Amino acid sequence: MNDYIYRVDERIFMLDCGRKYFTPEWIKRLIDEISAVGFNAINIHFADDMAFRLESKQYKWLSGGDHRLCGFGAKYGCPENDGKYITQEEMKDIVLHARSRGVDVIPSLDSPGHMTYIVKTYKQNCGSDIGNYYHKNGKVALVQAAGEREESSFSLYSSCLDISNTEALSFITNLYTELGSFFRELGCKSFDIGGDELLGWGKGGIDTTVPKWCNLDHWKEYAQKATGNSEAVAYDAFILYMNDIASLLHSLGYESVRMWNDDVYRASDTDWKEAAQIDTSIAIQYWSPHTNGGNNTAQFYIDRGHDIYNYSRLYNYYTLYPELKPSYVTPEAIMEEWNPYVFAPNNSSCDTHNNGYIFPPFKQGNIVEAPNEKVKGIGYCLWTDTPSAETEDELLEHIRPYITAIAKKATGNF
């Protein structure tokens with residue numbers, strides 16, 4: 001049947017080519033596949049904890065990867081890909097190929113988290129540590145990424161940029177300016193700035209009697225100086241940072257700047273009193289229904305004034321995990337249960353699609369009434385957390401049923 005009430009304008013495929021190197025030829029094949037079924041954009045996520053897979057002309061030493069930074073251990077990385085990255089000429093060819101297929105390219109440079117490789121490589125080449133550390137009562141501890149590190153030496157590198165460090169801010173501003181200008185000159189109009197999973201998973205910090213966000217005294221001090229508000233907290237520093245990066249990209253001519261939802265309006269464990277406010281021009285890529293204690297539903301972001309994209313990890317993720325199923329849900333379940341306005345089911349007693357992990361019940365407000373002009377599109381994600389799990393050809397074969405199902409529902413042609 002046709003049900004165009006659920007049709008959305010942007011149908012995005014998100015490719016994690018930060019953790020896993022993909023050849024330019026394969027990326028163009030992928031673009032052919034997604035355009036054939038109804039996708040009209042590709043989000044190219046070219047950097048993550050394990051690598052920086054795009055050439056930088058300004059920081060020539062930056063591009064490459066290190067399989068030992070794989071979150072599940074080095075055995076799941078691809079050592080043969082450590083030196084590989086996409087050149088700017090190759091990326092230009094990819095963007096032009098995408099345009100010929102009616103597919104927009106959305107560059108993705110995630111910060112200030114997911115930056116272990118960048119922090120490590122910067123220190124090796126520039127001698128300075130721009131990574132973030134917990135600071136509490138004069139004590140210091142490392143902010144580490146999620147997962148395991150098989151080589152203990154890599155526990156010396158933070159997964160997060162220190163946004164109160166002027167050298168770190170200068171570096172990341174230069175990097176966004178270079179690559180933002182590069183993609184804008186190629187005609188790209190949207191940019192994904194990430195902003196997710198800043199402080200990793202699990203316990204951390206120095207004073208374990210308070211949440212991790214309350215172990216960042218240096219960010220708190222920075223935020224108070226920047227806002228002139230004595231009630232500002234560490235979380236306000238993050239808001240100021242994301243607003244500044246978004247403003248920079250808007251100044252380069254980008255019409256849309258997007259970020260992930262898990263650290264947006266995070267009040268439950270930050271002591272946030274709204275000294276700083278997130279710029280509502282930043283669009284929300286909604287993936288997690290559990291952020292802020294589950295209180296930040298899809299409708300919540302809409303009511304705050306944000307455009308929103310449905311990247312629900314319950315239905316829209318194909319993730320390579322070791323010795324676990326790669327995807328949370330089947331194509332059949334997508335056809336039966338999901339449409340672009342279903343960000344998470346209402347009143348479910350547990351998250352049954354997350355490989356057996358149990359979470360609190362979902363809140364009302366994650367099924368949005370259709371149509372809604374603030375629901376701009378959907379994203380289907382290929383996350384390569386364990387790069388060695390599948391080859392390029394295997395992945396292309398395995399994702400076909402998923403992208404077909406997602407595209408049918410997102411075009412309203414089902």
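The lining of the second largest pocket comprises 8 nonpolar, 3 polar and 5 charged residues; Ala, Val, Leu, Ile, Met, Phe, Trp, Tyr, Cys and Pro count as nonpolar, Asp, Glu, Lys and Arg as charged, and the others, Gly among them, as polar. The model is predicted, so local features need pLDDT of at least 70 and side-chain atom pairs count only at pLDDT 80 or more, while totals for chains, interfaces and linings use all residues. Residues are numbered from 1 along each chain as its sequence is written, and side-chain values use heavy atoms, with hydrogens and water left out.

Helices (H or I, at least four residues) and strands (E, at least two) are DSSP runs, numbered from the N terminus.

**Helix 1 and helix 2**

Next, display helix 1 (residues 24-37) with helix 2; their axes, lines fitted to C-alpha atoms over the stretch in contact, lie 10 Å apart at an angle of about 15°. The two helices are therefore roughly parallel, the term for angles under 35 degrees. To view the contact (heavy atoms within 4.5 Å), select P24, I27, K28, I31 and D32 of helix 1 together with E90, D93, I94, H97 and A98 of helix 2. These contact residues divide into 5 nonpolar, 1 polar and 4 charged.

**Helix 4 and helix 6**

Move to helix 4 (residues 166-185) and helix 6 (residues 234-251), whose axes come within 10 Å and cross at roughly 30°. That makes helix 4 roughly parallel to helix 6. Select L169, I172, T173, Y176, T177 and G180 in helix 4, which meet Y241, I245, L248 and L249 in helix 6. This contact has 7 nonpolar, 3 polar and no charged residues.

**Backbone sites**

Select S111 and P112, joined by a cis peptide bond with omega near 5°; P112 is in the loop between strand 6 and helix 3 (116-126). Then select A370 and P371, where the peptide bond is also cis, with omega about -5°. P371 belongs to the loop between helix 8 (331-337) and strand 14 (375-383). Finish at N137, a residue other than glycine with a positive phi near 55°, in the loop between strand 7 (133-136) and strand 8 (139-142).

Methods
Axes fitted to C-alpha atoms, helices over the stretch in contact; angles between N-to-C directions. Parallel < 35°, antiparallel > 145°, perpendicular 65-115°, else oblique.
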